Amino acid sequence: MITIAKTPVKTLLSKSKIPGFDYVINPYVGCPHKCVYCYAEYMRKFTGHAEEWGDFLDVKECPVPLRPAQLFRTRVMLSSVTDPYNPYEKQYELTRRLLKQLIVCQAQVHILTKSALVLRDMDLLKQMPSCEVAFSIASADESFRQLAEPGASSLQDRLDALQTLHQNGIHTAVMAAPLFPGISDWRKIIEQTRPYAERYTFDSLNMRPAYQRKVMNFVARHYPQALPLYSEIYLQESTDYWQKLREEITAYCLQHGIQGEVYFGHSH
Ligand code: SF4
């Protein structure tokens, strides 16, 4: 059961600390996609929520529209600590209203999502002077998706949406992240998306102390065979696995002419 509240805010814009972006917009607080590894869960305490992550959603209400003078040709990311296309966006259309304003601002928009609902806004995406939609995919295995990302779109729906966006001339990317050691098959993610993705980023599963126990419990329950590897990486803090994986991915991308960047060691 999810608790939904409308929350007044003074601004929807945050100055970006993410390289490559001037501003970040998070239209919602919370995320019903409820990914087991979600690094944004810290927002729960930050915003005074006692509910479990995924069990609340604050719909931000801002009376002041985005200002074209401030955002003209700036690089804007949606979103960093929520998914702009959570299932309730269908009803509230907050992201859709923001996109309309961003068109007026002529901002360069980068959308990061795990939802095929982004297709609803194809009419607006086509009007953007510069727009890229990136799907984040942690595993090519649908059973992993059901366990780890229960509220997000199925992998097939994400792949179909990626294809549709690409066929409609929208720039597309895949963020293969977070890669779960011994579980995520990054080659398969590339193989499945290659015809429709222009570029890739790869990120490791970074375990912050706040959710390490939750993720370790998830691995122990569903992928017990991988536990020795997790112990080596996260308890003994060996970096060998990531070093080797970085080299493998880099070599693969070079060999296949893929534009890919490996961000291991950095948070999202
Ligand atoms: S989609 Fe992103 S913000 Fe939402 S729960 Fe998953 S990782 Fe967190």
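Strand β8 (residues 130-137) has 7 of its 8 residues buried, so it is largely enclosed by the rest of the structure. Buried means under 20% relative accessible area, exposed means over 50%, and partly exposed lies in between, with a 1.4 Å probe and protein chains only. Strands are DSSP runs of E of at least two residues, helices are runs of H or I of at least four, and both are numbered from the N terminus.

A word on the source. This is a predicted model: local features need pLDDT of at least 70, side-chain atom pairs count only at pLDDT 80 or more, and totals for chains, interfaces and linings use all residues. Residues are numbered from 1 along each chain as its sequence is written, and side-chain values use heavy atoms, with hydrogens and water left out.

Now the neighbours of β8. Strand β7 (residues 108-113) pairs with β8 in the parallel sense, over 6 bridges. Pairing here requires at least two DSSP bridges between two strands. His-110 stands opposite Glu-132 in β8. Strand β9 (residues 171-179) also pairs with β8 in the parallel sense, over 6 bridges. There, the bridge partner of Glu-132 is His-171.

Next, β10. β9 and β10 run parallel, joined by 5 bridges. Strand β10 (residues 199-204) is mostly covered, with 5 of its 6 residues buried. Ala-176 stands opposite Phe-202 in β10.

Phe-202 takes us to the core. The largest nonpolar core has 81 residues, and Leu-99, Leu-102, Phe-202 and Tyr-230 have the most contacts inside it. Such a core is a set of buried Ala, Val, Leu, Ile, Met, Phe, Trp, Tyr and Cys residues joined through side-chain atoms within 4.5 Å. A second, separate core has 8 residues, including Phe-21, Val-24, Ala-134 and Met-175.

What does Ile-183 touch beyond its neighbours within four places in sequence? Its contacts are Phe-144, Tyr-223, Ala-226 and Tyr-230. Contact means heavy atoms within 4.5 Å. Ile-183 sits in the loop between β9 and α8 (186-193). At 16% relative accessibility, Ile-183 counts as buried.

On to the ligand. Around it are Cys-31, His-33, Lys-34, Cys-35, Tyr-37, Cys-38, Trp-53, Thr-82, Asp-83 and Lys-114. The shell divides into 5 nonpolar, 2 polar and 3 charged residues. Nonpolar covers Ala, Val, Leu, Ile, Met, Phe, Trp, Tyr, Cys and Pro; charged covers Asp, Glu, Lys and Arg; the others, Gly among them, are polar.

Cysteines next. A search of the whole structure finds 0 disulfides, a disulfide being a pair of cysteine sulfur atoms within 2.5 Å.

Last, the backbone. Most residues other than glycine have a negative phi, and most peptide bonds are trans. Lys-34 is not a glycine, yet its phi is positive, about 55 degrees. Lys-34 lies in the loop between β4 (28-29) and α1 (43-46). Gln-106 also has a positive phi, near 55 degrees. A cis peptide bond joins Leu-78 and Ser-79, with omega about 5 degrees. The bond from Ala-177 to Pro-178 is cis too, with omega near -15 degrees. Pro-178 belongs to strand β9.

Terms used:
Near = heavy atom within 4 Å.
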